[in-house]
Amino acid sequence: MTAAADLDWPALREAFARDGVVKLPAALDPAQLAQAQAAYDWSLAHPGPGASKVRQATEATFYNDLFNPDALTGYRAMLEASPIPAHVAKLWDAPDVWFFYEQVFLKEGGEARRTPWHQDSSYLAIAGDRLAVVWISFDAVAQADSLEFVRGSHRGALYNGSSFKLGDDTAPLHPGSSLPRLPDIEAQRAAWDIVAWAVRPGDLIVFHPAVLHGGAATHAGTRRRTLTLRFFGEGAVYDPREGGAGPPIRGFHQRMRAGDPFRDPSFLKLR
Ligand SMILES: O=C(O)CCC(=O)C(=O)O
(Lines give C-alpha, C1' and ligand atoms only; values in the text may rest on other atoms or scores of the structure.)
Protein backbone atom coordinates (compact mmCIF):
# COMPACT_ATOMS: atom_id res chain seq x y z
CA MET A 1 0.00 0.00 0.00
CA THR A 2 1.47 3.36 -0.98
CA ALA A 3 1.24 6.43 1.19
CA ALA A 4 -1.20 7.87 -1.38
CA ALA A 5 -3.80 5.35 -0.21
CA ASP A 6 -3.69 6.98 3.22
CA LEU A 7 -4.45 10.47 1.95
CA ASP A 8 -7.69 12.13 3.00
CA TRP A 9 -9.18 12.32 -0.49
CA PRO A 10 -12.51 13.96 0.44
CA ALA A 11 -10.63 16.79 2.20
CA LEU A 12 -8.16 17.12 -0.69
CA ARG A 13 -11.00 17.20 -3.23
CA GLU A 14 -12.70 19.98 -1.29
CA ALA A 15 -9.43 21.93 -0.96
CA PHE A 16 -8.64 21.54 -4.68
CA ALA A 17 -12.06 22.94 -5.64
CA ARG A 18 -11.86 25.76 -3.08
CA ASP A 19 -8.16 26.77 -3.20
CA GLY A 20 -7.22 25.50 -6.66
CA VAL A 21 -4.10 23.84 -5.23
CA VAL A 22 -3.21 20.93 -2.94
CA LYS A 23 -0.13 19.04 -1.87
CA LEU A 24 -0.17 15.23 -2.07
CA PRO A 25 2.67 14.15 0.22
CA ALA A 26 4.60 11.00 -0.73
CA ALA A 27 2.18 10.27 -3.57
CA LEU A 28 4.85 8.59 -5.72
CA ASP A 29 6.90 5.67 -4.47
CA PRO A 30 10.60 5.55 -5.43
CA ALA A 31 9.99 3.45 -8.58
CA GLN A 32 7.18 5.75 -9.77
CA LEU A 33 9.35 8.78 -9.06
CA ALA A 34 12.23 7.24 -11.02
CA GLN A 35 9.92 6.74 -14.03
CA ALA A 36 8.82 10.38 -13.83
CA GLN A 37 12.47 11.44 -13.66
CA ALA A 38 13.32 9.31 -16.70
CA ALA A 39 10.62 11.21 -18.62
CA TYR A 40 12.07 14.53 -17.41
CA ASP A 41 15.55 13.40 -18.49
CA TRP A 42 14.11 12.42 -21.89
CA SER A 43 12.88 16.01 -22.29
CA LEU A 44 16.28 17.47 -21.44
CA ALA A 45 17.91 15.11 -23.95
CA HIS A 46 15.32 15.86 -26.67
CA PRO A 47 14.66 19.62 -26.76
CA GLY A 48 11.52 20.43 -28.74
CA PRO A 49 10.51 23.54 -30.66
CA GLY A 50 9.27 25.13 -27.39
CA ALA A 51 12.61 24.85 -25.54
CA SER A 52 13.98 28.17 -24.32
CA LYS A 53 16.01 29.87 -21.63
CA VAL A 54 14.31 32.56 -19.60
CA ARG A 55 16.44 35.73 -19.54
CA GLN A 56 18.35 36.23 -16.32
CA ALA A 57 20.21 39.11 -14.70
CA THR A 58 22.89 36.58 -13.66
CA GLU A 59 24.79 33.66 -15.21
CA ALA A 60 22.21 31.23 -13.80
CA THR A 61 20.25 28.90 -16.05
CA PHE A 62 16.44 28.95 -16.12
CA TYR A 63 15.56 26.50 -18.87
CA ASN A 64 12.13 25.29 -19.84
CA ASP A 65 10.62 23.16 -22.57
CA LEU A 66 7.03 22.26 -23.23
CA PHE A 67 4.66 20.53 -25.58
CA ASN A 68 7.28 18.52 -27.42
CA PRO A 69 5.36 16.99 -30.36
CA ASP A 70 7.26 13.72 -29.74
CA ALA A 71 6.70 13.73 -25.97
CA LEU A 72 4.71 10.49 -25.90
CA THR A 73 7.86 8.66 -27.00
CA GLY A 74 9.41 9.57 -23.68
CA TYR A 75 6.25 9.84 -21.56
CA ARG A 76 3.67 7.30 -22.68
CA ALA A 77 4.88 4.28 -20.67
CA MET A 78 5.36 6.38 -17.56
CA LEU A 79 1.93 7.99 -17.89
CA GLU A 80 0.20 4.64 -18.40
CA ALA A 81 1.91 3.10 -15.35
CA SER A 82 1.79 6.15 -13.09
CA PRO A 83 -0.77 6.60 -10.28
CA ILE A 84 -0.93 10.32 -11.15
CA PRO A 85 -3.95 10.12 -13.52
CA ALA A 86 -5.86 8.22 -10.80
CA HIS A 87 -4.90 10.86 -8.22
CA VAL A 88 -6.16 13.58 -10.57
CA ALA A 89 -9.41 11.67 -11.18
CA LYS A 90 -9.93 11.47 -7.40
CA LEU A 91 -9.37 15.20 -7.00
CA TRP A 92 -11.90 15.90 -9.75
CA ASP A 93 -14.26 13.14 -8.59
CA ALA A 94 -14.61 12.20 -12.25
CA PRO A 95 -13.46 9.12 -14.16
CA ASP A 96 -12.01 10.46 -17.44
CA VAL A 97 -8.48 11.85 -17.67
CA TRP A 98 -6.66 12.97 -20.82
CA PHE A 99 -2.98 13.91 -20.95
CA PHE A 100 -2.65 17.46 -22.26
CA TYR A 101 1.12 18.18 -22.31
CA GLU A 102 4.36 18.20 -20.37
CA GLN A 103 6.56 21.10 -19.29
CA VAL A 104 10.01 20.83 -17.73
CA PHE A 105 11.96 23.43 -15.79
CA LEU A 106 15.62 23.53 -14.80
CA LYS A 107 16.99 26.27 -12.55
CA GLU A 108 20.66 26.01 -11.61
CA GLY A 109 24.07 27.63 -11.71
CA GLY A 110 23.55 30.61 -9.46
CA GLU A 111 20.84 33.03 -8.45
CA ALA A 112 18.03 32.31 -10.93
CA ARG A 113 15.23 34.86 -11.02
CA ARG A 114 11.75 34.14 -9.73
CA THR A 115 9.24 32.64 -12.13
CA PRO A 116 6.96 35.69 -12.49
CA TRP A 117 3.44 35.40 -11.06
CA HIS A 118 1.09 34.22 -13.79
CA GLN A 119 -1.82 31.94 -14.64
CA ASP A 120 -1.20 29.12 -17.08
CA SER A 121 -4.76 29.61 -18.36
CA SER A 122 -3.66 32.89 -19.99
CA TYR A 123 -1.45 30.84 -22.32
CA LEU A 124 -3.93 28.04 -23.03
CA ALA A 125 -7.17 27.96 -25.02
CA ILE A 126 -8.93 25.74 -22.50
CA ALA A 127 -11.39 26.24 -19.64
CA GLY A 128 -13.22 24.05 -17.17
CA ASP A 129 -13.09 22.81 -13.59
CA ARG A 130 -11.46 19.49 -14.47
CA LEU A 131 -8.04 20.80 -15.35
CA ALA A 132 -4.89 19.99 -13.42
CA VAL A 133 -1.19 20.72 -13.43
CA VAL A 134 0.89 18.23 -11.46
CA TRP A 135 4.19 19.77 -10.31
CA ILE A 136 6.92 17.26 -9.45
CA SER A 137 10.29 18.31 -8.05
CA PHE A 138 13.20 15.87 -8.20
CA ASP A 139 15.09 17.98 -5.67
CA ALA A 140 14.00 18.73 -2.12
CA VAL A 141 12.77 22.32 -1.98
CA ALA A 142 12.32 24.45 1.13
CA GLN A 143 9.02 26.29 1.51
CA ALA A 144 10.78 29.63 0.94
CA ASP A 145 12.19 28.35 -2.37
CA SER A 146 9.09 26.58 -3.63
CA LEU A 147 6.29 27.33 -6.09
CA GLU A 148 3.78 29.76 -4.55
CA PHE A 149 0.06 30.14 -5.18
CA VAL A 150 -2.67 32.66 -4.49
CA ARG A 151 -5.31 30.52 -2.87
CA GLY A 152 -8.69 30.55 -4.63
CA SER A 153 -7.49 32.77 -7.50
CA HIS A 154 -8.70 30.26 -10.12
CA ARG A 155 -12.20 31.55 -9.30
CA GLY A 156 -11.20 35.21 -9.86
CA ALA A 157 -10.09 37.29 -12.82
CA LEU A 158 -8.17 35.84 -15.71
CA TYR A 159 -5.25 38.20 -16.35
CA ASN A 160 -3.08 38.79 -19.37
CA GLY A 161 -0.06 36.49 -19.36
CA SER A 162 3.36 37.68 -18.26
CA SER A 163 5.86 38.05 -21.08
CA PHE A 164 8.59 37.16 -18.52
CA LYS A 165 10.33 40.44 -19.42
CA LEU A 166 13.47 40.90 -17.35
CA GLY A 167 12.86 43.70 -14.82
CA ASP A 168 9.10 43.86 -15.47
CA ASP A 169 7.33 40.69 -14.31
CA THR A 170 3.84 41.97 -15.15
CA ALA A 171 4.65 43.12 -18.72
CA PRO A 172 1.72 41.73 -20.72
CA LEU A 173 2.09 38.80 -23.08
CA HIS A 174 -0.47 40.30 -25.49
CA PRO A 175 -0.47 44.10 -25.03
CA GLY A 176 -3.57 44.46 -27.24
CA SER A 177 -5.67 41.93 -25.36
CA SER A 178 -8.65 43.02 -23.25
CA LEU A 179 -7.43 40.79 -20.39
CA PRO A 180 -6.25 43.02 -17.51
CA ARG A 181 -2.55 43.39 -16.76
CA LEU A 182 -1.30 41.12 -13.98
CA PRO A 183 -1.24 42.78 -10.56
CA ASP A 184 2.20 43.27 -8.99
CA ILE A 185 1.73 40.55 -6.38
CA GLU A 186 5.40 40.55 -5.40
CA ALA A 187 5.21 44.24 -4.46
CA GLN A 188 2.18 43.71 -2.17
CA ARG A 189 2.56 40.15 -0.95
CA ALA A 190 0.68 40.80 2.31
CA ALA A 191 -2.45 41.70 0.33
CA TRP A 192 -2.65 38.24 -1.21
CA ASP A 193 -3.47 34.86 0.35
CA ILE A 194 -0.21 33.17 -0.66
CA VAL A 195 0.45 29.52 0.09
CA ALA A 196 3.52 27.35 -0.57
CA TRP A 197 4.83 24.04 0.70
CA ALA A 198 8.22 22.51 1.21
CA VAL A 199 8.49 19.44 -1.04
CA ARG A 200 10.49 16.25 -1.00
CA PRO A 201 10.95 13.96 -4.00
CA GLY A 202 7.76 11.87 -4.22
CA ASP A 203 5.47 14.72 -3.16
CA LEU A 204 3.12 16.21 -5.75
CA ILE A 205 1.66 19.69 -5.91
CA VAL A 206 -1.52 19.73 -7.99
CA PHE A 207 -3.05 23.00 -9.13
CA HIS A 208 -5.72 24.35 -11.45
CA PRO A 209 -4.05 26.26 -14.34
CA ALA A 210 -6.08 29.39 -13.60
CA VAL A 211 -4.50 29.76 -10.15
CA LEU A 212 -2.02 32.63 -9.87
CA HIS A 213 1.37 31.13 -9.16
CA GLY A 214 5.02 32.08 -9.21
CA GLY A 215 8.26 30.30 -8.42
CA ALA A 216 10.79 31.43 -5.90
CA ALA A 217 14.32 32.20 -7.04
CA THR A 218 16.97 29.50 -6.74
CA HIS A 219 20.32 30.24 -5.16
CA ALA A 220 23.98 29.51 -5.82
CA GLY A 221 24.72 25.86 -5.05
CA THR A 222 21.11 24.74 -5.50
CA ARG A 223 19.37 23.14 -8.43
CA ARG A 224 15.64 22.74 -9.07
CA ARG A 225 14.54 20.17 -11.63
CA THR A 226 10.78 20.15 -12.00
CA LEU A 227 8.42 18.31 -14.28
CA THR A 228 4.85 19.40 -14.76
CA LEU A 229 2.24 17.10 -16.26
CA ARG A 230 -0.97 18.70 -17.44
CA PHE A 231 -4.34 16.96 -17.70
CA PHE A 232 -7.93 17.74 -18.65
CA GLY A 233 -11.16 15.90 -18.02
CA GLU A 234 -14.79 15.74 -19.08
CA GLY A 235 -16.31 19.21 -19.35
CA ALA A 236 -13.12 20.94 -20.52
CA VAL A 237 -13.94 23.27 -23.39
CA TYR A 238 -12.12 25.29 -26.04
CA ASP A 239 -11.77 28.89 -24.84
CA PRO A 240 -9.69 31.04 -27.22
CA ARG A 241 -7.50 33.89 -25.98
CA GLU A 242 -7.04 37.22 -27.76
CA GLY A 243 -3.61 37.24 -29.34
CA GLY A 244 -3.42 33.47 -29.44
CA ALA A 245 -2.66 30.64 -27.03
CA GLY A 246 -1.63 26.99 -26.94
CA PRO A 247 -1.82 24.18 -27.68
CA PRO A 248 0.56 24.44 -30.66
CA ILE A 249 -1.14 21.68 -32.65
CA ARG A 250 -1.35 22.23 -36.40
CA GLY A 251 -4.92 22.97 -37.50
CA PHE A 252 -6.36 22.66 -33.97
CA HIS A 253 -7.39 26.30 -33.48
CA GLN A 254 -8.89 26.43 -36.97
CA ARG A 255 -11.04 23.37 -36.24
CA MET A 256 -12.27 24.46 -32.81
CA ARG A 257 -15.03 26.91 -31.86
CA ALA A 258 -15.47 28.56 -28.43
CA GLY A 259 -17.30 26.16 -26.14
CA ASP A 260 -16.47 23.02 -28.13
CA PRO A 261 -15.46 19.98 -26.06
CA PHE A 262 -11.66 20.11 -25.83
CA ARG A 263 -10.55 17.13 -27.95
CA ASP A 264 -7.86 16.16 -30.40
CA PRO A 265 -6.73 12.69 -31.46
CA SER A 266 -3.23 13.55 -30.24
CA PHE A 267 -4.36 13.80 -26.59
CA LEU A 268 -3.75 10.44 -24.91
CA LYS A 269 -6.76 9.23 -22.90
CA LEU A 270 -5.35 7.66 -19.76
CA ARG A 271 -8.57 6.70 -18.00
O1 LIG B 1 8.65 25.71 -11.41
C2 LIG B 1 8.56 26.90 -11.68
O3 LIG B 1 9.36 27.76 -11.30
C4 LIG B 1 7.43 27.38 -12.50
C5 LIG B 1 6.35 26.40 -12.64
C6 LIG B 1 5.20 26.96 -13.38
O7 LIG B 1 5.03 28.14 -13.50
C8 LIG B 1 4.23 26.05 -13.96
O9 LIG B 1 4.40 24.84 -13.86
O10 LIG B 1 3.27 26.53 -14.58
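**Core, helix and sheet: a quick tour**

Start with Val134: skipping its neighbours within four places in sequence, this residue is in contact (C-beta atoms, placed from the backbone, within 7 Å) with Ile84, Val88, Leu204, Val206, Thr228 and Leu229. Keep in mind that this is a predicted model: local features need pLDDT of at least 70, side-chain atom pairs count only at pLDDT 80 or more, and totals for chains, interfaces and linings use all residues. Residues are numbered from 1 along each chain as its sequence is written.

**The core**
- A nonpolar core is a set of buried Ala, Val, Leu, Ile, Met, Phe, Trp, Tyr and Cys residues joined through C-beta atoms within 7 Å.
- The largest one here has 61 residues, and Val88, Val134, Val206 and Phe231 touch the most other members.
- Strand β4 (residues 98-108) gives this core its largest share, seven residues.

**Helix α3**
- Helices here are DSSP runs of H or I with at least four residues, and strands are runs of E with at least two.
- In α3 (residues 71-81), Ala71, Tyr75, Met78 and Leu79 are buried, with 20 or more other C-beta atoms within 10 Å of their own.
- These four sit on the same side of α3 because they cover an arc (directions from the helix axis to the C-beta atoms) of only 100 degrees.
- On the other side, Thr73, Glu80 and Ala81 are exposed (12 or fewer such atoms).
- The buried residues pack against α2 (30-45), α4 (84-92) and β4.

**The open sheet**
- Four strands line up as β5-β11-β8-β9, with antiparallel pairing (at least two DSSP bridges between strands).
- The edges are β5 (115-118) and β9 (194-196), each pairing on one side only.
- Thr115 has Gly215 in β11 as its bridge partner.

Methods:
Contact = placed C-beta atoms within 7 Å.
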